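Here's a quick tour of a structure, feature by feature. Have the model open alongside as you read.

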Amino acid sequence: MPSPVSSPVSSTPTTGGSARTSLASARSGAPPGPDTPAGRAAAVWTSPPQPLTAGAAPDLDHVLRYSLAALEGANGRLRPAPSAGALHPVNAHLLVGGGGSLPAGRYAYDALTHRVHRRGPAPDDLPDGTLVVLTVSARRTVSHYGHRALPLLLLDTGHAAAALAQAGAAQVCLDADGALLAAAAGLPDPVHWQQTWPGTEPEHALAAVALGPLAGRAEHVLTRWAVCGPGQPPQAEPAAAAVSPVLTRTWRALEDTTAVAAGPGEWTPTAERVSGGTLMSRRSAPPPLRGAPAQEDVARVLARAAEASLPGGPRWCVAVGGARPALFELARDAGEGGALEHGRGPALRLLASGDARPTLAVWAAGQAWIAEAGAVLLAYGCPPDADAGRIRRDHLTAGYAVGLAQCAATELGLVSRPVGSWQRADLGAALGGAHGRGWIVHGLVMGRDDHQ
């Protein structure tokens, strides 16, 4: 594989909106900075914390404990997937209808305490079922990664949706109108957040998850919650007064991505629920992740990611090490694959010979250990002229798919670590295609546990 190519995208603002400019900046080689105060790890709500009841359907205690709850002894830092220095930016707002394990109403989930805070009542026209609206607080990621924050925020949201899906959620939506999601959660429109709730940190609504059966279509349930009016605000945040230019630009980029959808979005059923043991052991492994996995395992992880992708979303391939390093993609039919025997599972097709891992290590913010990793799953696409809707969709889909793939890798006994920060990573051009059409969006580095 050729050495890294120069980026055809600069960090200079271009026509096409704040999201496109922010993504171009994140993909450039400029180092992050200056620092932005991180603020609190979680918003503080004025209502008393309430425990979650186990056993009721949907089992909120199980779903949230095994998907979003911080690890014990986290010292204020949230779960370390996929990136952002363990300052996980995703917040969960629960919309609990009739038949839930909590009294009907809006709640904010605190991942540090595994408790919920009531934020207001349910609508008079009470829908059955429970929805989770996922939002991001950009400051936490900007404090660590500066101008590289936008793709990480979107990828993190996809990972959170995947974690909820694998813990028992029934449906996922990654492209609903951001204003509808915010209104359903009882939050201000981000554009007017600081005027509405001064001194608090803006949250941008990006995705939604249905935790169980709903009475009617999910989008109709969201609309019924949206007419309920605003919920209780969080306490003022001391760090909220410190707003750096890079934080402002990231907010504008997020506003771009949440304003593009004009409808309720596409709701898709989730995969089968996996065991709690697998969910708790899928955490990011410390590098190095040596030892090339068996090709049949690589194919199964790659297939899991590809199956979770939305039509028109990122393409998928995997770079493997070992005695014959190469880059593979899924075979379109059994006749193309030479990696597996017919009928034994998904097959791989050779995409390029040679060792891609040293180049990937340079592109992944200079993480040299990737050059010795066993395998690297890659999502690529999202060209520099992508509109805000595609930027959001490609990155949320990549995060969601890699979240599912990481769980598949864990079930196969592999160790893995998602990698979300990529600079000048024009994989398509390195493979001989047109410049700028196949940028790496996300990655999952894998190795064999016996090599750790």
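Let's start with R424, which sits in the loop between β13 (414-419) and α13 (427-430). Helices here are DSSP runs of H or I with at least four residues, strands are runs of E with at least two, and both are numbered from the N terminus. R424 isn't a glycine, yet its phi is positive, at about 55°. With a relative accessible area of 39%, R424 counts as partly exposed; buried means under 20%, exposed over 50%, and partly exposed is in between (1.4 Å probe, protein chains only).

H114 has a positive phi too, near 55°, and is likewise a residue other than glycine. You'll find H114 in the loop between β3 (105-110) and β4 (115-120). Its relative accessibility is 7%, so H114 is buried. As background, most residues other than glycine have a negative phi, and most peptide bonds are trans.

## What this model is

This is a predicted model, so bear in mind that local features need pLDDT of at least 70 and side-chain atom pairs count only at pLDDT 80 or more, while totals for chains, interfaces and linings use all residues. Residues are numbered from 1 along each chain as its sequence is written, and side-chain values use heavy atoms, with hydrogens and water left out.

## A cis peptide bond

On the subject of peptide bonds, the one joining P287 and P288 is cis, with omega at about 0°. P288 belongs to the loop between α9 (276-281) and α10 (295-308).

## The eight-stranded sheet

There's an open sheet of 8 strands, in the order β1-β4-β3-β2-β5-β7-β6-β8, with antiparallel pairing. Two strands pair if DSSP finds at least two bridges between them. At the edges are β1 (49-50) and β8 (267-269), each pairing on one side only. Within the sheet, β2 (residues 90-96) and β5 (residues 130-136) run antiparallel and are joined by 7 bridges, with A92 opposite L134 of β5.

Helix α7 (residues 218-226) packs on this sheet, touching β2, β3, β5 and β8; contact means heavy atoms within 4.5 Å. The direction of α7 makes about 75° with that of β5. Axes are lines fitted to C-alpha atoms, for helices over the stretch in contact, and angles run from 0 to 180 degrees between N-to-C directions. Helix α8 (residues 245-258) lies across β5 and β7 (204-210), at about 45° to β7.

## Strand β9 and its partners

How many residues of β9 (residues 315-320) are buried? It's 5 of the 6, so β9 is largely enclosed by the rest of the structure. β9 pairs with β12 (residues 375-381) in the antiparallel sense over 6 bridges, and C317 stands opposite L378 of β12.

β9 is also joined to β10 (residues 326-330), again antiparallel, by 3 bridges. Here V318 has F328 of β10 as its bridge partner. β9 and β10 make a hairpin with 5 residues between them, and G322 in the turn has a positive phi of about 85°.

## A helix pair

Helices α3 (residues 138-145) and α4 (residues 149-166) pack at about 135°, with axes 9 Å apart. They are therefore oblique to each other: under 35 degrees is roughly parallel, over 145 roughly antiparallel, 65 to 115 roughly perpendicular, and the rest oblique. A138, T141, V142 and Y145 of α3 meet A149, L152 and L153 of α4.
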